[in-house]
Amino acid sequence: MNQIRSVITGCGGYLPETVLTNNDLAKIVDTSDDWIFERTGIRERHIAAEGEMTSDLGTSAAKLALERAEVDAKDIDLILLATATPDNTFPASAVTIQSTLGIHRGAAFDLQAVCSGFVYALATADNFLKAGQFKRALVIGAETFSRILDWEDRSTCVLFGDGAGAMVLSGSGDLERGVRWVRLYSDGEKGDLISMPSHVTHV
């Protein structure tokens, strides 16, 4: 049986135009540039424009990744979008990106693992490619956290912004390069350290 390894052939990213600096945040909550930078190393973050959706950010990053990989969108047969802030509960924002890119075949779905989501998406795509089920994948991470933040909570609002990154993964028989292994690990006991309640009411 021929062995296949996933090779990263192109990467792209996208940041919205609006920039929110630490000094801007200091006008909203009790904080300062020094306080934020000392604890986080962050000076500024980007904020999506009104009407600019997670799928829009992801699409822009994907287009750049495709260009750098010198791959036509029609040659993609798998799209994985890692996001905790999809456009809608359903359909998956990945299929919105799929449609915008003019792709009419293969599979597209969202994957939610918050900060580690891109790693989980990469591992998932890698396994699909190694199994020979798909030949070329777009792995995307995109978030619009600015829409769900509590802008009065300085312990969290200083940490997040909006943006997207993407990579093209291609199945290859060249075992000297590509993704060698991915180790995934979770510890659910620490899930209460930071959380976002669901909008669904449970009875």
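Let me start with the largest pocket of this predicted model, whose lining is made up of 41 residues, with A84, Q112, V114, F145 and M196 lying nearest its centre. The space inside the largest pocket comes to about 1300 Å³, and if we sort its lining by class we find 18 nonpolar residues, 15 polar ones and eight charged ones. Among the elements around it, strand β5, residues 107-111, and helix α5, residues 117-130, each contribute at least two residues to that lining.

The second largest pocket holds about 260 Å³ of space, and of the 15 residues lining it, V114, G141, A142, E143 and F145 are the closest to its centre. Two or more lining residues come from each of α5, β6, which covers 136-144, and β7, which covers 162-172, and it is β7 that gives the largest share, namely four residues. By class, the lining of the second largest pocket divides into eight nonpolar, five polar and two charged residues. You will have noticed V114 and F145 in both lists: they are named among the residues nearest the centre of the largest pocket, and again among those closest to the centre of the second largest pocket.

Now to the helices. Two packed helices are described by the angle between their axes and the distance between the axes. Here the pair is α3, residues 54-69, and α4, residues 93-100, whose axes come within 9 Å and cross at roughly 50 degrees, which means that α3 is oblique to α4. The crossing of these two helices, α3 and α4, is right-handed. Which residues of α3 and α4 meet? On the α3 side they are S55, G58 and T59, and on the α4 side S93, T96, I97 and T100; taken by class, this contact has one nonpolar residue, six polar residues and no charged residues.

Most residues other than glycine have a negative phi, and most peptide bonds are trans.

Key
Residues numbered from 1 in each chain as written. Predicted model: local features only at pLDDT ≥ 70, side-chain atom pairs only at ≥ 80, totals over all residues. Heavy atoms only, no water. Axes fitted to C-alpha atoms, helices over the stretch in contact; angles between N-to-C directions. Parallel < 35°, antiparallel > 145°, perpendicular 65-115°, else oblique. Left-handed = near helix turned anticlockwise from the far one by under 90°. Contact = heavy atoms within 4.5 Å. Nonpolar A, V, L, I, M, F, W, Y, C, P; charged D, E, K, R; others polar. 1 Å grid on protein atoms, 1.4 Å probe; cavity = no way out; pocket = protein on both sides within 12 Å on 5 of 7 lines; lining within 4 Å. Points joined across faces, edges and corners; volume = space filled by probe spheres on them.
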